[in-house]
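Q: Please take a close look at one part of this structure, the place where two neighbouring parts of a chain touch, and describe it carefully.

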Amino acid sequence: MYGKDWLGEFTSEFDEDYYTDVSEKEEFPEKFWQSLGERSKFGLLVSKKNGGSGISFTEFVKNILDMSSKVGTLTYYFVAQNLSAKLFDDYGTQKLKSFLPEVMTGKSKVNLALAEEQSGADALSIRTRATPAENGDYEISGEKYCVTNGKNADYLMVAARTSDSGEKKSHGLTVFVITRKQPDRIKFKELKKMGLNFLPLYSISFDRIIIDRESILGEPDRAWSMLSKTFAADRLALSAMFIGMGNMALSRALDYARKRVVFGREIGANQGIQFPLSKAYVELSASRAYLEHSARMVDGGGIESNRDLPMGVYYHAVRASSSAIDASLQTLGASGYLSGMVEKLFRDIRYYRMGPISEQLALVSIAEKTLGLPGVRE
Amino acid sequence: MLDTIISYINQGTGKFDTHYWVEKDKKAEFPGEFLEVIRNLGLTTLLLPEEYGGSGLSVSDYVKIVRHTSSLHGVAAGDLIMAHNVFGAFSISSLGSEKQKEKLLPRIARNEVISSIAITEPNAGTDTLNISTRADRSNGEFILSGRKIWITMAHISDLMLVLAKTTKEKTRSTKGMTLFAINPKEHSGITTSRIDDIALRSLGSCEVFFDNVTISEDDILGEEGEGWRALTGILNLERLSTASISLGTGELVLNSATQYAKDRTLFGKQLGANQSIQFPLAHGKIMLEASWRMIEEAARKRDAGEDGMFEANAAAYLSASSACALADHSMQVFGGMAFSVDMGIELHWRNLRLFRVGPVPEQMTLSLIARHSLGLPPSF
Ligand SMILES: Cc1cc2nc3c(=O)[nH]c(=O)nc-3n(C[C@H](O)[C@H](O)[C@H](O)COP(=O)(O)OP(=O)(O)OC[C@H]3O[C@@H](n4cnc5c(N)ncnc54)[C@H](O)[C@@H]3O)c2cc1C
Ligand SMILES: Cc1cc2nc3c(=O)[nH]c(=O)nc-3n(C[C@H](O)[C@H](O)[C@H](O)COP(=O)(O)OP(=O)(O)OC[C@H]3O[C@@H](n4cnc5c(N)ncnc54)[C@H](O)[C@@H]3O)c2cc1C
């Protein structure tokens, strides 16, 4: 649906069937990953001086729109890896920066472990702790919950408390990058789930793992401001993916609605089928206009004074996409309920309505910050 | 330039408060004082090219002004700006013959003209091709007869764009319809009758009767038999205008409800601290933001001469539905007070409801998009 064929030379192989296939088999899309890696597509946001492509955020978003309208949710880990690489580029120590080449080419996979079972969406209440040892290293203990690809990640970025919050709740968090497997001290447990089946999910427990100072990402105790910036970018990038997913389902449904004849006429000639598809297209198009505007603001620097703009875009996009996929499933009738692409998108998109930011918390943010309404805590 | 106009609007129209608009609506009385002020501010000639004494604004800037004015004063104010700019300044300067331009544009520039558009008939609203108003040639002139309905400001109009059939054939075709630009005050045989209605009451909408009205060939706007084509550009701009009026008025109700939710204390806490009160407001805010980006895209396309039919329709649909949902929630936030006419909340609720029906009902927009943007088979 988008003009530029970004995947270019290797589109034929990686398409909706590929997405459906790896999701069905519950396997990581390794071939796709390698293909992107060979072209250094995980360093898109990394500065040129550190070997990345240094493209604008607007361009990045266009890439995601393109990619996700072909391979749907497979775009998720592509987004995560690119944002991790950017974190290494912006905040990494010499040591962490030295990993950039393997990260940009996908030879090493990176993932963030932030959420904990008891913390839920209130990330500032995490309990994983890091305590300094005498030699300057840190010792980390705690448990993380729902970490995407956790066991297969080569580098885990773990958020931990390094000091108590004090006045500002956001004070006292530090991100450590675990670069060395310490199998006797890290335990993984796989969690079964209802979608995103090409990516395994783990809970992880850390028992006094040792991390050196060189593996701290960003400033100690000040991780929250670094993470918030990344979350803003992540929200916009994921929004682009939702829009692509919605369009992917919609194309399939439109095709079907034009051809399938029941009661002597195409089902798409019925307003009950046609109008929800029109609405979906309108909403997805509005999402895209909203997203592209915000992406330009990221590039122009205006996003700093407009931090909850990405919340609005995310909320709009995840809903538009969910309705589009739902309307598509309805259009496909029984054939949509059978195992296949649309049913998989349907289950995948459901996650994004609760995480990484839930619809409720996106609304809370707009209500409090944009409209100045009283908060839950008051 | 835009910032200057906006600050003039803020200063110049500040005195027209809720009370003013509520009273005008109650009495179904024309907001002449407001019109006088916005005329002096140049808001009625934004789309008139500079060479004729207007501001020659781009559509992208025009929609910002419509939005802003509506966010202060609501639907009637925005509609006034639209009628002057779209049915008057734009239509004549872009479609008029040299003769029409010479005759009308100076008057438009001097703010002597109130414009209206007469398309709808009792049996042809959405089904425009079914109009029965006719203009028949006779001795080098046209005899216009028929009946229009819902024509806003027809009773005070100095320039009325009238769509009529000029072919004898009984075809359902876009050919054979002609658009005329006439001054109803200069003709005998035109009568208007106001409808007792619930939207745009201060401006007034009318039934219009044409009883063998003699009009001239020079009154044709565009080409004979090509009225449909002439309308396309006008209606696209009308779409962008109603989108911006909806959006601005949506912001108006959002701001009022948000303020009320902060000010009112119930059960010992601010009303707005309850998520069932605040979430629909936040949701509405997001929907308005997205709608606005769609309006901007449609306006940008229009300025660039690209086809923005989908964007304009989508923008009008989205803005109207988002603003209506917000107005409805505002009725909830204000509780019983919403039902007091003097609060001025139900005024916006009623007025905004119009845009889900007219100029184009939601069903027609969705069906147009289904056919022309999505390639689905016709449903009727
Ligand atoms: C497939 C998957 C992949 C994930 N990947 C990762 C990962 O890679 N790394 C990582 O760190 N985490 C990951 N997570 C965790 C995810 O970020 C969390 O699920 C998310 O932060 C929300 O936490 P929770 O599910 O415990 O919800 P809770 O916080 O327990 O919330 C439950 C419900 O209550 C609502 N709620 C909470 N507070 C409020 C409030 N104040 N007002 C209104 N409603 C409220 C929420 O919106 C939600 O609907 C993943 C989760 C899943 C399912
Ligand atoms: C306050 C006000 C001001 C107005 N100002 C003007 C003006 O200045 N100039 C002017 O020309 N007109 C004006 N109108 C008229 C307005 O444009 C029409 O009311 C509008 O186009 C709808 O036409 P209709 O009323 O004939 O509805 P109808 O065509 O009778 O439609 C009735 C309903 O049926 C639905 N419908 C119709 N066909 C189908 C179908 N095939 N499938 C599904 N649903 C269908 C429509 O969507 C609508 O909801 C105004 C109207 C109002 C209320």
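A: What follows describes the interface of domain 2 and domain 3 of chain B. The model is predicted, so that local features need pLDDT of at least 70 and side-chain atom pairs count only at pLDDT 80 or more, whereas totals for chains, interfaces and linings use all residues. Residues are numbered from 1 along each chain as its sequence is written, chains are lettered from A, and side-chain values use heavy atoms, with hydrogens and water left out.

Chain B is divided into domain 1 (2-109), domain 2 (115-225) and domain 3 (228-372), with bounds that come from an automatic or database domain assignment. Taken over C-alpha atoms, the centres of domain 2 and domain 3 of chain B are 30 Å apart. In contact (heavy atoms within 4.5 Å) are 16 residues of domain 2 of chain B and eleven residues of domain 3 of chain B. Between these two domains about 1,100 Å² is buried, 77% of it given by carbon and sulfur atoms; buried area is the accessible area (1.4 Å probe) that two parts lose on being put together, summed over both. Of the area that domain 2 of chain B buries against domain 3 of chain B, B:T126, B:L179 and B:I198 supply 32%, more than any other three residues.

The rule for a salt bridge (a side-chain nitrogen of Lys or Arg within 4 Å of a carboxyl oxygen of Asp or Glu) finds one across this interface. A salt bridge also joins the side chains of B:E223 and B:R229, at 3.8 Å from N to O.
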